[in-house]
Amino acid sequence: MTKNRKLEWDWFPGVIPENVVVDVTAYIETTFSFQFYRSQLSGGVEYKHGASTYLGTMFDVGPRGRVTLGEYALVHGARIICDSEIFIGDYALISWNVVLMDTYRVPLNAQERRRELELISTRELRIASADVPAKPIRIERNVWIGFDACVLPGVTIGEGSVIGAKSVVTENVSPFTVVAGNPARVIRQLDSQEKNHHA
Ligand SMILES: CC(C)(COP(=O)(O)OP(=O)(O)OC[C@H]1O[C@@H](n2cnc3c(N)ncnc32)[C@H](O)[C@@H]1OP(=O)(O)O)[C@@H](O)C(=O)NCCC(=O)NCCS
């Protein structure tokens with residue numbers, strides 16, 4: 001990162017927001033990832049040692065949102081929709097097109113949703129901002145989330161677990177467990193050799 005918070009290799013003419021904390025060993029492919037970022041918290045996103053985000057990753061983080069990327073966590077093009085807190089543990093691997101959302105952003109009630117759509121058309125920043133509750137997401141260390149999976153508000157994924165491609169994770173996943181499907185269901189527990197591999 002340069003002194004003016006740009007990236008030498010960036011194709012997008014953006015900057016890394018002032019309140020994003022980036023360890024010197026971390027890697028950010030492009031500042032385009034921060035186009036929807038509007039957290040007002042200090043450390044609204046924190047990249048720990050060796051953490052990285054690649055093309056396609058979007059931090060859609062609201063004013064009170066905070067995202068932490070643990071040591072060597074790698075996010076390969078995920079949409080991170082955060083109005084409270086999303087924690088991604090050390091060595092977690094998040095694959096292409098994964099969606100992590102700690103809030104649905106849009107009200108379930110049709111009338112309120114219509115009002116929100118009308119408001120969006122008058123706003124400069126065309127993002128929903130209805131007062132929809134948010135519930136933190138926690139992805140513990142060594143978790144692997146397959147491509148196109150979706151993690152819904154309030155979910156904790158336990159250490160070393162694996163989420164199958166295209167799964168929708170609606171509830172907590174125990175440590176060292178493989179889940180898949182919509183809604184995600186347990187396929188199997190990892191055996192001790194696989195656990196060590198993930199440890
Ligand atoms: C989750 C995953 C790792 C499971 O692999 P596995 O342990 O070898 O599982 P199996 O292939 O033996 O499948 C076990 C069962 O789960 C089902 N299953 C596996 N993956 C599934 C998925 N993503 N969605 C729904 N069902 C799935 C299988 O159909 C099988 O069902 P059955 O017992 O009724 O026949 C793998 O299927 C997967 O989704 N990998 C993601 C790959 C990826 O995203 N790579 C990106 C690179 S970072």
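Helices (H or I, at least four residues) and strands (E, at least two) are DSSP runs, numbered from the N terminus. Two strands pair if DSSP finds at least two bridges between them. This is a predicted model, in which local features need pLDDT of at least 70, side-chain atom pairs count only at pLDDT 80 or more, and totals for chains, interfaces and linings use all residues. Residue numbers start from 1 along each chain as its sequence is written.

The protein has 19 strands and two helices. Strand E6 takes part in both pairings listed below.

| Strands | Residues | Sense | Bridges |
|---|---|---|---|
| E3 and E6 | 45-47 and 66-69 | parallel | three |
| E6 and E9 | 66-69 and 85-88 | parallel | four |

Within E6, Leu 69 is the bridge partner of Tyr 47. Arg 66 stands opposite Glu 85 of E9.

The C-alpha trace spans about 55 × 45 × 25 Å along its principal axes. The radius of gyration, taken over C-alpha atoms, is compared with a globule rule of 2.2 Å times the number of residues to the power 0.38. A compact globule of 199 residues would have a value near 16 Å, and the protein, at 17 Å, agrees with this. Buried residues (20 or more other C-beta atoms within 10 Å of their own, C-beta atoms being placed from the backbone) make up 34% of the 199 residues.

Around the ligand there are 13 residues (C-beta atom, placed from the backbone, within 6 Å of the molecule). Those that come nearest are Ser 95, Gly 146, Gly 164, Ala 165 and Ala 180.

How values were computed: A residue is buried if 20 or more other C-beta atoms lie within 10 Å of its own, exposed if 12 or fewer, and partly exposed in between; C-beta atoms are placed from the backbone.
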